Amino acid sequence: MPAVSLPERSEPLFSSSPSAANHALVLFVLGGPGAGKGTQCANLVRDYGFKHLSAGDLLREEQDRPGSEFGDLIRDYIKNGQIVPQEVTIQLLENAMKSSVDKENKRKFLIDGFPRKMDQALKFEEIVCRSSFTLFFDCPEDTMQQRLLKRGETSGRADDNAESIKKRFKTFVDTSMPVVNMFEEQGRVVKIDATKSPEEVYKSVQEKIEARGVKSD
């Protein structure tokens, strides 16, 4: 397996200050499986001009990319239900952000399903960009389970079953909630009640992010 190391930097690659030449606006998007993150990210891309970066999608694309040095490593971790080493995920996110800035001049990013662990959060903010805040879609386990089992009837996804859902929810509570709690203590969490209809949830998202200074395109 290739050794993966991240660059050493005295400051992040992108600045979170809007006046800086290398500025970027980063919002982390977190919530348990089935909380509705994907639906709301699509709305925000449409109305606010964000670039949506899904950590899971980037990893899946990389594992299938011909000649990828990380493909086998990613495949082994995903197959065994383990979290891919943070160095790989952070490098893929950084590459995607640089590409978006260089090719499309897009500097507003929704980073979905990341950070999943505390060390990922700290390392990303240290070397890539400090996030402005985290959008946290708060939803009880029984509601998410109902949604995912319904999705599983048609999605064909192997992990949309009761046993997998329980494991995924436990992983989220054990590893991702400490990240949400840390950012909340810093005043950098926008909590959304995700039990309502998608339309009601989005209305709440819009009100709360605009109160934080995010403008529509």
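Q: Where is N105 placed?
A: N105 sits in the loop between α4 (86–104) and β3. Helices (H or I, at least four residues) and strands (E, at least two) are DSSP runs, numbered from the N terminus. This is a predicted model: local features need pLDDT of at least 70, side-chain atom pairs count only at pLDDT 80 or more, and totals for chains, interfaces and linings use all residues. Residues are numbered from 1 along each chain as its sequence is written, and side-chain values use heavy atoms, with hydrogens and water left out.

Q: What is the phi of N105?
A: Positive, about 55 degrees, although N105 is not a glycine.

Q: And is N105 buried or exposed?
A: N105 counts as exposed, at 55% relative accessibility. Buried means under 20% relative accessible area, exposed over 50%, and partly exposed in between (1.4 Å probe, protein chains only).

Q: Which residues does the cis peptide bond join?
A: F114 and P115, with omega about 0 degrees. P115 is in the loop between β3 (108–112) and α5 (118–127).

Q: New topic, helix α1. Which of its residues are buried?
A: K37, Q40, C41, N43, L44 and Y48. They lie on the same side of α1, because they cover an arc of only 160 degrees around the axis. That arc is taken from the directions from the helix axis to the C-beta atoms.

Q: How far apart are the end C-alpha atoms of α1?
A: They are 16 Å apart. The twelve residues of α1 (residues 37–48) should span 16 Å at 1.5 Å a residue, so the two agree. The expected span is 1.5 Å times one less than the number of residues.

Q: What comes just after α1?
A: G49, which takes a positive phi of about 75 degrees.

Q: Where does UniProt place the "binding site" feature?
A: The unreviewed UniProt entry puts it at G34, A35, G36, K37, G38, T39, R151 and K196. UniProt positions are in the numbering used here, feature names are shortened, and annotations may be inferred rather than shown by experiment.

Q: What is K37 in contact with?
A: Leaving aside neighbours within four places in sequence, K37 touches V29, L30, G31, G32, D112 and F137. Its side chain also reaches the backbone oxygen of G32 at 3.3 Å. K37 is buried, at 14% relative accessibility.

Q: And G38, how accessible is it?
A: G38 is partly exposed, at 41% relative accessibility. G38 is in helix α1.

Q: How many salt bridges are there?
A: The count is 15. A salt bridge is a side-chain nitrogen of Lys or Arg within 4 Å of a carboxyl oxygen of Asp or Glu.

Q: Which residue does D174 pair with?
A: K170, with the closest N and O atoms 2.5 Å apart. Both lie in helix α7 (residues 162–185), four residues apart, about one turn of the helix. D174 is partly exposed at 42%, and K170 is exposed at 51%.

Q: What about E207 and K203?
A: Their side chains meet in a salt bridge (3.0 Å, N to O). They are four residues apart in helix α8, so about one helical turn separates them.

Q: Which residues form a salt-bridge network?
A: R9, E94 and K98 are linked in one.

Terms used. Contact = heavy atoms within 4.5 Å. Polar contact = N/O pair within 3.5 Å; in protein donor to acceptor, adjacent residues only side chain to side chain.
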